[in-house]
Amino acid sequence: MNKLPQANKTLGQHFLRDQNVITKITTDFASDCDVIVEVGPGPAVLTRNLAAHKKTFFVIEKDDRFIDLLKEIVGEQNVFHQDALEFDWETFVNRPDIRGKKIWLVSNLPYNISVPLLIGFTQVQDIYALSLMFQKEVGHKIINVERIKNFTNSLGLLMENYFDLKVLCKVPPGAFVPPPKVDSIVISFKRKETPPIALSQFLAFERFLRDLFRFKRKQIGSVLKHLPNIGEALTKVKIARETRAESLEPKEIHLIYHEVQAHYQRSKS
């Protein structure tokens, strides 16, 4: 690998150099997708391997320094020179050459915006699979690597609802230039065909989870008291008001959410 450029701290850049990790990431869903999108490719550490799959391939890059290099690899028309947080996914997935195809999204995510990006990616139905790098602390909120009791949290539940998750690999600081001050983790996300809570309800479900886990050690009857029918909903699904959010099973949370939403729909009719 050629010498890597100076990382831009403002953009949260840490360039991957470990070939074993690069290979794992760039082969994760290669045989399952029709289209590959890489977010934040930088100096093309993953890009060359991904391009070798000979799939329809696009990159989204904000840093001016790497645009010419990326154009050489994927073609000028396949490079989006912009901030990934502002990318127009609706227009992209409705392009004639993209519509209806399975998209695999790959990224060594900037740690400072990893969660907002993940939330955005999740809402794009056509993104069939993702292979994403996270700071270890964030990754462990998404998937219960250590088998911790009362692990449940809003981000983990949201991702578990829409994806089958697995740890692809753990990545030490020395695998990057410059090395970050934290360990990292790569997680594979494969979209569920029929999630318990439909993607059309994503925003309502996310808001519900945020409310529920704002004080996860407090009694849910108190935490959700702003919902006019919470007492009725908990009674109907046979969950005590004194239960704490962190002790709920995902199925129980789905039951409460469905009942709250059903009451809301009845009240509108």
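The dialogue below concerns this predicted model.

Student: What makes the pair of F80 and F87 edge-to-face?

Tutor: The ring centres of F80 and F87 are 5.0 Å apart, and rings pair if their centres lie within 6.5 Å. Their planes stand at 80°, and an angle over 60 degrees counts as edge-to-face, so the pair receives that name. Both F80 and F87 are buried. The structure holds 15 aromatic pairs.

Student: Why is the pair of F205 and Y257 described by the words edge-to-face?

Tutor: The distance from centre to centre is 5.1 Å, against a limit of 6.5 Å. The angle between the planes is 70°, and over 60 degrees counts as edge-to-face; therefore the term applies to F205 and Y257.

Student: Which helices hold F205 and Y257?

Tutor: F205 is in helix 8 (residues 202-213) and Y257 is in helix 11 (residues 250-268). The two residues are 52 residues apart, and the pair links distant parts of the chain.

Student: How do you know whether F205 and Y257 are buried or exposed?

Tutor: Buried means under 20% relative accessible area. F205 has 1% relative accessibility, so F205 counts as buried. Y257 has a relative accessible area of 0%, and therefore Y257 is buried as well.

Student: Is D64 buried or exposed, and why?

Tutor: The relative accessible area of D64 is 58%, and exposed means over 50%, so D64 is exposed. D64 is placed in the loop between strand 3 (56-61) and helix 3 (67-74).

Student: What joins the side chains of D64 and H81?

Tutor: A polar contact of 2.7 Å joins them; the limit for the pair of N or O atoms is 3.5 Å. D64 and H81 are 17 residues apart along the chain, with their C-alpha atoms separated by 7.7 Å.

Student: Which residues touch the most other members of the largest nonpolar core?

Tutor: That core has 59 residues, and those touching the most other members are W89, F92, F121, F134, F189, F208 and I256. Helix 8 gives the most to this core, with six residues.

Terms used: Residues are numbered from 1 along each chain as its sequence is written. Side-chain values use heavy atoms; hydrogens and water are left out. Rings of Phe, Tyr and Trp (its six-membered ring) pair if their centres lie within 6.5 Å; planes under 30 degrees apart count as stacked, over 60 as edge-to-face and the rest as tilted. Buried means under 20% relative accessible area, exposed over 50%, partly exposed in between (1.4 Å probe, protein chains only). Helices (H or I, at least four residues) and strands (E, at least two) are DSSP runs, numbered from the N terminus. A polar contact is a pair of N or O atoms within 3.5 Å; within protein, one must be able to donate a hydrogen and the other to accept it, and residues adjacent in sequence count only if both atoms are side-chain atoms. A nonpolar core is a set of buried Ala, Val, Leu, Ile, Met, Phe, Trp, Tyr and Cys residues joined through side-chain atoms within 4.5 Å.
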